[in-house]
Amino acid sequence: MGWGTLTGKLVTFEGPDGAGKTSALNAIVADLQPRLGDRLVVTREPGGNHISEAIRAIILDRKNTMMDDRTEALLYAAARRQHIVQEILPALQNDQLVLCDRYIDSSIAYQGAGRGIGEQAVYDMNQFATKGLTPDLTLYFDVDAAVGLQRIQTHRQNEINRLDVEALSFHHKVQAAYLRLLADHPARIKRVDASQPLERVVQQALQIMTAQLPAYLGTEGKSK
Ligand SMILES: Nc1ncnc2c1ncn2[C@@H]1O[C@H](COP(=O)(O)OP(=O)(O)OP(=O)(O)O)[C@@H](O)[C@H]1O
Ligand SMILES: [Mg+2]
């Protein structure tokens, strides 16, 4: 709806903080890059463009603790919109496979459920931003919220941002919303057991991608 014919595919990586999305994405890219070359595009919200990065910096600034919940949701949607227009859309029009670290489901889970704005309200508001651009496949990295936070605390002491320091109850609400999305969209969202060692997580994610995206990752010519 709304974007014309898009021959590429959009795959999003979702899950609670510290689930291992970025770690898995990096390993998946290392695996796929030799096969796909320029057909593979890797991005993350807010994207590499100046406008989205500037918006993101406002959201994550620890000085902005007074930020209103809906302001935050609108800023995420604004950054998403610019990322789509400048980076995701051109790739999808160009027949590329786009792997994106976080997308609309993050807003539904974090702002809709975590902040309590309401999942439907955040979904509706994001339709304005995305004009209905929905991922072809979403990998949900499923790990208990406490485990994800523990991973971050153990490994990334100096990188903890304003959102990471929210109370555990916030992260449990986020996780519950993700599980509702998983149940409500079984064709689009596939579960990866992210409690496993990273190597297994990557293996499972690649299996799902290969099954769901045969035109890009079909067994023909696949490395062992
Ligand atoms: N399967 C795993 N088992 C144990 N530790 C892991 C696993 N995957 C990732 N980690 C470690 O957990 C930490 C968080 O991983 P990563 O940054 O990939 O998570 P993320 O889902 O991208 O988090 P965020 O939502 O904050 O971006 C890292 O230090 C990483 O090395
Ligand atoms: Mg990450």
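**View 1. The annotated binding site in the predicted model.** The UniProt record, an unreviewed entry, assigns the feature "binding site" to Gly15, Pro16, Asp17, Gly18, Ala19, Gly20, Lys21 and Thr22; such annotations may be inferred rather than shown by experiment. The model is predicted, and local features need pLDDT of at least 70, while side-chain atom pairs count only at pLDDT 80 or more. Residues are numbered from 1 along each chain as its sequence is written, and side-chain values use heavy atoms, without hydrogens and water.

**View 2. Proline 16 and glycine 20 in the loop.** Proline 16 belongs to the loop between β1 (9-14) and α1 (21-36), helices being DSSP runs (H or I) of at least four residues and strands runs (E) of at least two. Glycine 20 lies in the loop between β1 and α1. Proline 16 has a relative accessible area of 3% and is buried, a term for values under 20% (1.4 Å probe, protein chains only). Glycine 20, at 19%, is also buried. Beyond its neighbours within four places in sequence, proline 16 is in contact (heavy atoms within 4.5 Å) with residues including Arg102, Tyr140 and Tyr178.

**View 3. Ligand 1 and its polar contacts.** A polar contact is a pair of N or O atoms within 3.5 Å. A polar backbone atom of glycine 18 is 2.9 Å from an oxygen atom of ligand 1, and a polar backbone atom of glycine 20 is 2.9 Å from an oxygen atom of the ligand. In the side chain of arginine 151, an N or O atom is 3.3 Å from a nitrogen atom of ligand 1.

Methods: Chains lettered and ligands numbered in written order. Buried < 20%, exposed > 50% of the residue type's maximum accessible area, 1.4 Å probe, protein only. Polar contact = N/O pair within 3.5 Å; in protein donor to acceptor, adjacent residues only side chain to side chain.
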